[in-house]
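Visitor: I have some questions about how the terms are used here. Could you show me the structure first?

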Protein chains: 4
Amino acid sequence: MPLPAPNLYPDFDTIRLSHVNMSVTDLAASRKFYTDILGLQITDEDNNHIYLRAMEERGHHCVILQKDTEAKVNIFGFKTFDENDLDKAHAYFSGLGRPVEWVERAYQGRTLMTNPPIEFYHKMDRLAPIHQKYKLYKGVKPLRIDHFNMFSPNVDESVAFWGDFGFRTTEYTEDEETGKIWAAWTHRKGGVHDIAFTNGLGPRMHHVAFWVPTPLNIIDLLDLMSTTGYVSNIERGPGRHGISNAFFLYITDPDGHRIEIYCSDYQTVDPDLEPIKWDLTDPQRQTLWGAAAPRSWFEEGSVLDGVEARDSDLKASPIIAH
Amino acid sequence: MPLPAPNLYPDFDTIRLSHVNMSVTDLAASRKFYTDILGLQITDEDNNHIYLRAMEERGHHCVILQKDTEAKVNIFGFKTFDENDLDKAHAYFSGLGRPVEWVERAYQGRTLMTNPPIEFYHKMDRLAPIHQKYKLYKGVKPLRIDHFNMFSPNVDESVAFWGDFGFRTTEYTEDEETGKIWAAWTHRKGGVHDIAFTNGLGPRMHHVAFWVPTPLNIIDLLDLMSTTGYVSNIERGPGRHGISNAFFLYITDPDGHRIEIYCSDYQTVDPDLEPIKWDLTDPQRQTLWGAAAPRSWFEEGSVLDGVEARDSDLKASPIIAH
Amino acid sequence: MPLPAPNLYPDFDTIRLSHVNMSVTDLAASRKFYTDILGLQITDEDNNHIYLRAMEERGHHCVILQKDTEAKVNIFGFKTFDENDLDKAHAYFSGLGRPVEWVERAYQGRTLMTNPPIEFYHKMDRLAPIHQKYKLYKGVKPLRIDHFNMFSPNVDESVAFWGDFGFRTTEYTEDEETGKIWAAWTHRKGGVHDIAFTNGLGPRMHHVAFWVPTPLNIIDLLDLMSTTGYVSNIERGPGRHGISNAFFLYITDPDGHRIEIYCSDYQTVDPDLEPIKWDLTDPQRQTLWGAAAPRSWFEEGSVLDGVEARDSDLKASPIIAH
Amino acid sequence: MPLPAPNLYPDFDTIRLSHVNMSVTDLAASRKFYTDILGLQITDEDNNHIYLRAMEERGHHCVILQKDTEAKVNIFGFKTFDENDLDKAHAYFSGLGRPVEWVERAYQGRTLMTNPPIEFYHKMDRLAPIHQKYKLYKGVKPLRIDHFNMFSPNVDESVAFWGDFGFRTTEYTEDEETGKIWAAWTHRKGGVHDIAFTNGLGPRMHHVAFWVPTPLNIIDLLDLMSTTGYVSNIERGPGRHGISNAFFLYITDPDGHRIEIYCSDYQTVDPDLEPIKWDLTDPQRQTLWGAAAPRSWFEEGSVLDGVEARDSDLKASPIIAH
């Protein structure tokens with residue numbers, strides 16, 4: 001089965017992923033982790049919420065932490081090119097029979113929510129630049145949110161769904177025996193991905209990623225985490241993925257939400273960019289350098305608010321297959 | 001005078017800068033410089049031309065060197081979103097009374113040329129990825145062409161002209177006394193710039209830039225150049241610009257064409273991204289760290305084929321003003 | 001049992017480790033590995049030998065590869081402060097009842113050999129500096145040989161033996177239950193170690209290490225090895241040891257000789273520097289960041305020419321204990 | 001005139017430079033600079049003194065700041081191999097007719113002072129290691145004091161004086177016309193220098209240097225200084241010296257004491273290491289990459305307590321000659 005061609009002229013224009021809203025069970029512990037270790041800047045907080053942004057971002061938030069009794073992901077946020085795109089998105093998802101709802105969000109303009117819990121907005125409060133306020137940099141010194149990665153029970157369907165409103169695939173893994181897509185990386189913003197899908201019990205969030213400029217950011221973070229009580233929050237890495245050529249580190253927040261620190265990337269603005277195909281049996285697609293990932297990395301993920309995850313439609317061993 | 005607002009809905013869709021065609025007087029000397037020092041990969045060559053690409057590029061060429069009796073820049077190339085954009089561009093420039101011409105270009109599809117010598121195409125021969133063929137990396141290990149920088153005799157006019165077909169300004173320098181724009185950085189691809197303009201005798205090319213991932217690429221290049229006979233080709237840097245926050249190095253090729261090695265950058269895909277304004281009297285906009293640029297950097301540039309440069313409409317000392 | 005105090009006024013003055021002579025079974029394969037991957041420079045070669053040096057070294061060789069039918073280590077070489085130290089060493093080892101022999105070595109002056117196969121010399125042919133010939137740098141760009149690491153069946157005895165002729169311990173692992181030393185790092189040259197000892201079937205060489213200035217050298221090497229057919233020669237890393245604070249990578253040459261690429265270190269010239277003690281039960285002494293080492297790393301080593309290895313006197317599981 | 005041969009068997013054994021005592025006029029301003037910018041750790045302070053150490057040091061202090069009405073350097077401190085070396089040093093300097101005095105120093109054992117204001121000690125209070133307490137790292141993240149650099153009115157004499165008690169020259173600049181030494185780098189600890197001498201009005205301190213592991217430490221510092229009010233304290237760099245191959249940055253403290261941030265270096269423990277000779281007319285010895293140093297760098301230095309500086313015995317222009 002060939003990779004579904006993305007719609008180059010989608011009904012509405014999404015420009016990039018924007019933010020994630022996650023429930024956490026201990027707001028103080030999360031605050032410490034997200035500011036001291038991840039190095040995000042607090043832009044607002046109250047007893048139940050913390051809003052954060054990365055160092056080059058001027059939108060109000062890329063992460064919202066929300067106090068709750070269980071850890072889960074509530075919202076994946078995306079920004080559209082203009083206000084009209086929101087109305088077009090409303091019509092588009094309605095036409096598909098998806099639930100759509102206009103919701104109120106602090107610091108955002110009109111916001112459209114659908115299910116799975118994706119929201120679209122155009123306007124967000126804009127903040128003064130801080131990327132040259134170097135004394136504020138700490139932790140891993142993250143510059144921006146980079147992408148979401150999702151467990152999907154049927155990646156072929158995920159690629160078709162997102163591709164229809166414009167998400168273009170840059171790299172993918174195919175199971176050559178079955179012709180099924182095992183994993184796919186899709187984007188709007190001109191990098192390797194805004195959102196990626198990996199075969200598994202889903203939909204669940206595998207990780208949210210933040211971009212840093214050099215591998216030394218990651219090495220500094222490892223030294224910091226391993227000497228400040230966070231050594232068990234280091235899950236995998238450092239390493240380089242064959243797919244995307246990313247230098248990576250995977251860590252977990254106090255609730256087990258997985259975070260990737262992501263370095264490298266390449267420019268993908270060409271609409272005729274050929275997706276790079278990897279074979280499921282090629283071990284270097286996962287780790288160019290050959291080190292195996294721990295089992296937790298293949299199995300654990302964050303549940304989505306209000307969404308029941310289901311088993312993958314594919315039957316291969318997740319350890320072999322990822 | 002306020003910064004002219006860019007047209008968010010231009011008549012045609014340019015996605016990025018693509019390539020530069022430069023005349024050089026000694027093809028063998030240029031070949032050595034562009035491959036050993038700059039580290040570009042040759043994709044084709046004959047007695048009069050060398051085609052080159054950077055390590056993450058899959059289009060056939062980002063630089064064409066052309067043997068000639070004098071050094072000059074012949075073409076600034078840009079890629080459009082699709083083929084129809086070329087026809088729309090033809091109509092657009094014709095409507096402005098600009099010369100337009102369909103030209104034949106090796107390795108490119110239909111190509112539209114106007115004046116100043118800008119060309120637009122959609123299709124270029126695609127090559128297999130080499131970004132993970134690490135043994136090919138050499139010189140400064142450039143990943144992609146990043147931007148053009150032009151001397152302009154009237155930057156207000158340049159910003160208005162390019163803005164009308166969609167180039168959005170990310171940062172600019174204003175002369176607060178006169179209200180005139182001294183310099184501006186404009187983009188299509190979602191980075192700080194595809195093309196920038198600086199006040200001066202023009203139009204001439206100030207430099208063409210290539211992107212590298214870390215400052216250590218630049219330090220390695222300095223060590224290499226200074227011990228292989230190229231020490232006098234190092235013009236300025238390393239340093240950091242206040243504007244764009246770029247870690248930079250300026251070098252000159254054997255004909256004096258200036259090349260920037262450019263590191264850092266930030267994501268600018270938001271259409272509502274506020275341009276950052278710098279004052280002409282702020283010395284840190286030029287060099288955050290305070291080191292002065294040499295006079296040559298303010299005065300020397302590459303002439304454009306078939307275009308007479310004229311003096312700037314502004315009168316300030318170029319040394320003070322840049 | 002306390003750590004044996006080193007002799008601060010040894011009978012003779014050894015200034016540093018100098019070189020290793022290793023038998024390899026395929027000289028052409030080793031030549032490619034040691035020059036393209038490790039990046040050492042050939043200083044001489046014939047049908048049966050290759051002499052190599054690292055980039056900042058001016059002595060003729062830090063590695064001698066010798067064609068043979070089996071892989072083994074033939075010589076660990078050390079340099080003395082002056083010629084008289086050789087005579088003093090002769091008297092010293094004779095006094096211990098050790099075998100001593102004056103041997104002929106190409107490119108070296110008078111050379112004293114004892115058993116285990118350690119040799120001492122003062123004079124070696126000196127070569128012109130190449131550390132600023134940047135175009136010669138390749139592979140991991142090694143600056144100098146850094147240390148040997150040995151499996152020892154009785155580390156207490158090893159520390160006492162080497163300490164008596166002046167090797168001072170900088171860090172060590174103690175089994176608090178038995179009071180036995182599990183591993184120790186000892187030096188002469190003012191870094192963390194010239195030679196280290198780890199409990200295990202020995203004496204065998206665990207690895208020989210080369211020093212590089214930044215973690216990026218190691219990351220570049222990983223990218224190179226994993227895309228040029230050497231992915232299976234990557235054994236462990238990158239990571240940071242708790243002990244020595246080294247950023248490390250372990251790779252194997254075509255015969256399985258283990259090589260560490262070693263970055264970081266600290267200055268240890270103070271004779272009153274307090275050794276840092278680690279407990280055998282502290283997992284971070286091995287890997288500060290928490291990733292486990294593969295079993296091969298605890299078990300495999302290079303045999304020494306003419307020396308029978310014997311089991312360790314300690315009984316703990318090598319996996320737990322290392 | 002050939003370079004004076006160092007005494008390989010000096011009367012007493014100095015192992016390394018250790019610390020500097022500097023008078024500063026505003027202790028609060030200096031405290032802020034030395035901790036926030038330079039990143040040293042305070043080990044003690046009172047109303048008139050601040051004691052500081054770098055991150056890998058276990059001796060109590062490498063810098064003592066002393067409140068005073070004028071900026072000057074009071075003491076250059078060196079550590080000996082043992083206590084007996086202090087008595088031998090006393091005899092040695094007495095024999096030369098130099099003033100010698102046993103002085104009391106906080107946190108140090110017996111301390112011998114001579115003139116120029118050099119002091120020798122063996123024992124200093126030892127502190128617990130902090131090099132793996134990564135959350136303490138800040139500013140440029142200095143690992144250790146590296147060297148002193150002095151203006152000398154007669155470098156030939158300085159090299160002869162220091163060489164007689166064991167300081168070995170690693171690199172030097174000779175004026176080939178006159179045969180005079182223009183500058184020299186001498187060491188005890190096995191690096192390029194513990195103390196260097198440059199022709200000029202002296203004795204004065206040109207700078208004191210701190211060692212950092214990578215050029216990125218220096219780039220981070222430049223970004224920090226230039227955005228926290230210290231841009232005018234950046235004097236020269238970043239760059240690479242031909243001599244010593246150091247990647248460098250020169251900054252000035254609030255009183256104008258010059259500090260070098262020093263990266264790279266090479267191992268020099270071989271007593272037969274050949275000094276590298278540079279010609280006074282070779283511009284790359286100063287800056288491998290070709291950028292000129294500012295005039296201040298050639299002319300300004302810190303006066304020494306109780307020592308009158310005198311003009312150089314050499315007559316060349318300092319701008320040309322350095």
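Visitor: What makes the meeting of the side chains of R16(C) and D270(D) a salt bridge?

Guide: First, note that this is a predicted model. The N to O distance between the side chains of R16(C) and D270(D) is 2.6 Å. The cut-off is 4 Å, for a side-chain nitrogen of Lys or Arg and a carboxyl oxygen of Asp or Glu, so the pair is called a salt bridge.

Visitor: How many salt bridges are there between chain C and chain D?

Guide: The count is twelve. On the side of chain C that touches chain D, β1 (14–24) and β17 (276–279) each supply at least two residues. That side has 14 nonpolar, eight polar and 14 charged residues.

Visitor: What area do chain C and chain D bury between them?

Guide: About 3300 Å², with 48% of it on carbon and sulfur atoms. R58(C), F81(C) and Q267(C) supply 18% of the area that chain C buries against chain D, more than any other three residues. The contact takes 36 residues from chain C and 36 residues from chain D.

Visitor: Why does the radius of gyration of chain A agree with a compact globule?

Guide: For 322 residues, a compact globule would have a value near 20 Å. Chain A has 19 Å, so the two agree.

Visitor: What share of the residues in chain A is called buried?

Guide: Buried residues make up 63% of the 322. The cut-off is under 20% relative accessible area. Chain A has six helices and 18 strands.

Terms used: Residues are numbered from 1 along each chain as its sequence is written. Chains are lettered from A and ligands numbered from 1 in the order in which they are written. This is a predicted model: local features need pLDDT of at least 70, side-chain atom pairs count only at pLDDT 80 or more; totals for chains, interfaces and linings use all residues. Side-chain values use heavy atoms; hydrogens and water are left out. Contact means heavy atoms within 4.5 Å. Buried area is the accessible area (1.4 Å probe) that two parts lose on being put together, summed over both. Helices (H or I, at least four residues) and strands (E, at least two) are DSSP runs, numbered from the N terminus. Ala, Val, Leu, Ile, Met, Phe, Trp, Tyr, Cys and Pro count as nonpolar, Asp, Glu, Lys and Arg as charged, and the others, Gly among them, as polar. The radius of gyration is taken over C-alpha atoms; the globule rule is 2.2 Å times the number of residues to the power 0.38. Buried means under 20% relative accessible area, exposed over 50%, partly exposed in between (1.4 Å probe, protein chains only).
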